[in-house]
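Have a look at the structure first, then read on.

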Amino acid sequence: MANNSSLGKNSRLYFLGAVMLLWCVAICGRLVFLQVFSYGRFVKQAGHQQQRAIPVAAKRGVIYDRAGHELAMSVLVDSAFAVPTEVKDLPTAVSLITHITGDDYNVVLADCRAHKTFCWVARKASDETIQRINSLKLQGIHFQKEPKRFYPARDLAAQVLGSVGMEDSGQSGIEHEFDDQLRGSPGKMFISVDARRQWFADVETQPDPGDNLVLTIDKNIQYVAEKELDQAIHDTQAIAGTVIVENPHTGEILALANRPTFNPNLRKQITPGALTNRAVSYVYEPGSTFKLVTISAALEEKLTNPNEIFDCQMGSIVYNGMRIRDSKPHGLLPVWGVLAESSDVGSIKIALRLGEDRYYKYIRDFGFGQRTGIELPGETRGLTKPPSRWSRVSIAAISIGQEIGISPIQLAGLVSTFANDGVWVAPRIVAGTVQPRGTPQTVAFQPGAAHRVISSFTAAEMRAMMQKVVLEGTGRKAILEGYTSAGKTGTGQKVDPATGAYSKTKYIGSFAGFAPLNNPQIVVAVILDSAVGLHQGGQVAAPVFRRVSQQVLEYLHVPHDLPLAPQHQLLLAQAKTKDKDLEEGTPDHPGETLETAEVNSDSSEAAKQSSVAQPPTPANAATKGNVMPAAMREPVSSNALTDAANAEGSQKPADAANQAKEKLPSTGTVVLDVEQGGIEVPSFVGKTVRGAVESAQDIGLQLEAVGSGLARQQSPAAGTHVAAGARVTVQFGR
């Protein structure tokens, strides 16, 4: 019995020991499972419940103008956030805060419920908003400093600078184009909650600030451009407008103004339409400003000269069955007169001499149909098409600025080419980037790509002809005080979206020019969209050019190249300029509308057969009967014909004039054999610059010297009769 009892006790002990051993093994196994195999998973769960990583935004780089003035900068402001686990009544707290901020209650509440440790309730708010939230004394609501983008000049250069989003990412303009350089590297901050539901923050990595950016914009010139554009919008009731001020020699954009605009500080009030940078993304038909391409190409190809006479057929021409009329009748005009009076008939005849392929080559060389490469997002190429897709009237339409689309920045580049001695320079608006340092730094500007389009001699001829536009033509409201100026007006009709045809009430008025004439310092392009009432470029855009150029030249301390006229003389000269005299453009539309011109094409050669004879080129003009090359003679008015008839006494004045007109051919180039007055231009060929200048001064002529060395060619040619004080352009070379 004793042995059996002892055996029973031992077996119970063994069983109890086995149970204890198994229990210890199970406990140890569970601990090993939790501490070793499941460690990572539980750490992640704990981190998700107790800790949240918040990115710390880096301070965006400062954007400066060319003089070092801040145009965009970042300042530290307060943001409010909630630790939902600390808030006793979360819905009520969110309701009170959103009532102050104006944010969506449901969105903020959902975000706070989704994140137990951290959620934003008021990002980068104003001081007043933060004070009102703080005055609520809500438990679980805390504040954190964050950088906020600030634009000290408010809406100045708004489309150039652009705007940023809530997370400081660039949304438009320079802020978007250079976002990677400006935004820097963000840091990281951890928000943790302990067992007592107390939060604490720990910044693990510090943010690195972004690079600073220096623009070519001058803050003061930008202000002048925007002020005068605002005045023009107010005066003309135009729906939009653009003003560009450029250095023609380097391509630096000194000002780029657009209307409508916006204040980038008021993010919630920005509309998508206001963000559009019309200077680089708006496509329009240039109208008569495109005659600069037509005439300069013909001069460069030696197909004409500034003083050759063209018969503008009293303002009407038929080309391939399409009648095209001038805004007013013109008879005989020299080439410079075609440009000054903006004759469509004369421009078409000049383009026909060029031919399609040569004309298209110059269109491309002047930068049309391709991006300029300016450092702004959304730049357009414009709307052009190769000659293989031109219709039977395309060359006529394009020569007067229809059936082709350009941007304002391309127009500024065109005029800059003439001001820059025939060399096209890519526009630039960013001078460079610099590292954020406390000491002043110098940024060396590097001009963009450049190529020669026309010779220096042709560019000088164009400058002289563009001055005639201002002094005697459609640009008389662009005359400056104390400075010479030159340019070209343009008026293009817009397409009515409702009908797909040209509108009879909506126009694009433009003027682009430069000053001073012989040493251009600035190019100014002005485009006004849909002015009410007066709408011609010479009527609405040229005055803006005058006001902007006058102020900018004085600001840049450019020396006067003309004596300052008394104020009463300026007022008298302006009073003599009638708005009706500044009209230009044709009421007819020979080509397709801008939208269809880009899509439709008619490459059939049969469709291009001409219904009128093309005017003869200078090479063969002398063989066409009595029609001879117009060797740089001035046009003769109908009064001269009447005087000649009176001298003979054999006919009535009116009959003599009518008979003389009947003898004139309807097309071609004509020179009347009448006695020439004025000063006969001598030959300057072979003379030095000094000798040529002295010879010109002795006989009362102005000489424009191009190049150095000995005179090689001149315009007008020797033997031409010109008025006293006329300008003669001489090309010098070695």
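How many of the 10 residues of H12 are buried? Keep in mind that this is a predicted model. H12 is mostly covered, with 9 of its 10 residues buried.

**Helix H12 and its surroundings**
- H12 spans residues 291-300, and its buried residues are Lys291, Leu292, Val293, Thr294, Ile295, Ser296, Ala297, Ala298 and Leu299.
- After H12 comes lysine 302, which has a positive phi, near 60°.

**H12 against H18**
- H12 packs on helix H18 (residues 456-472) at an angle of about 140°, and the two axes are 10 Å apart.
- Because of that angle, H12 counts as oblique to H18.
- The crossing of H12 past H18 is right-handed.
- On the H12 side, the contact uses Leu292, Ile295, Ser296, Leu299 and Glu300; H18 brings in Thr458, Glu461, Met462, Met465 and Met466.
- Sorted by class, this contact has 6 nonpolar, 2 polar and 2 charged residues.
- As a general point, residues three or four places apart on an α-helix point the same way, because there are 3.6 residues a turn.

**Strand E8 and its partners**
- In E8 (residues 212-215), Asn212 and Val214 point one way while Leu213 and Leu215 point the other way, and all are buried.
- E8 pairs with strand E2 (residues 63-64) in the parallel sense over 2 bridges, and tyrosine 64 sits opposite valine 214 in E8.
- E8 also pairs with strand E16 (residues 430-434), in the antiparallel sense over 4 bridges; here asparagine 212 stands opposite valine 434 in E16.

Definitions and conventions:
Residues numbered from 1 in each chain as written. Predicted model: local features only at pLDDT ≥ 70, side-chain atom pairs only at ≥ 80, totals over all residues. Heavy atoms only, no water. Axes fitted to C-alpha atoms, helices over the stretch in contact; angles between N-to-C directions. Parallel < 35°, antiparallel > 145°, perpendicular 65-115°, else oblique. Left-handed = near helix turned anticlockwise from the far one by under 90°. Contact = heavy atoms within 4.5 Å. Nonpolar A, V, L, I, M, F, W, Y, C, P; charged D, E, K, R; others polar. Buried < 20%, exposed > 50% of the residue type's maximum accessible area, 1.4 Å probe, protein only. Pairing = 2+ DSSP bridges.
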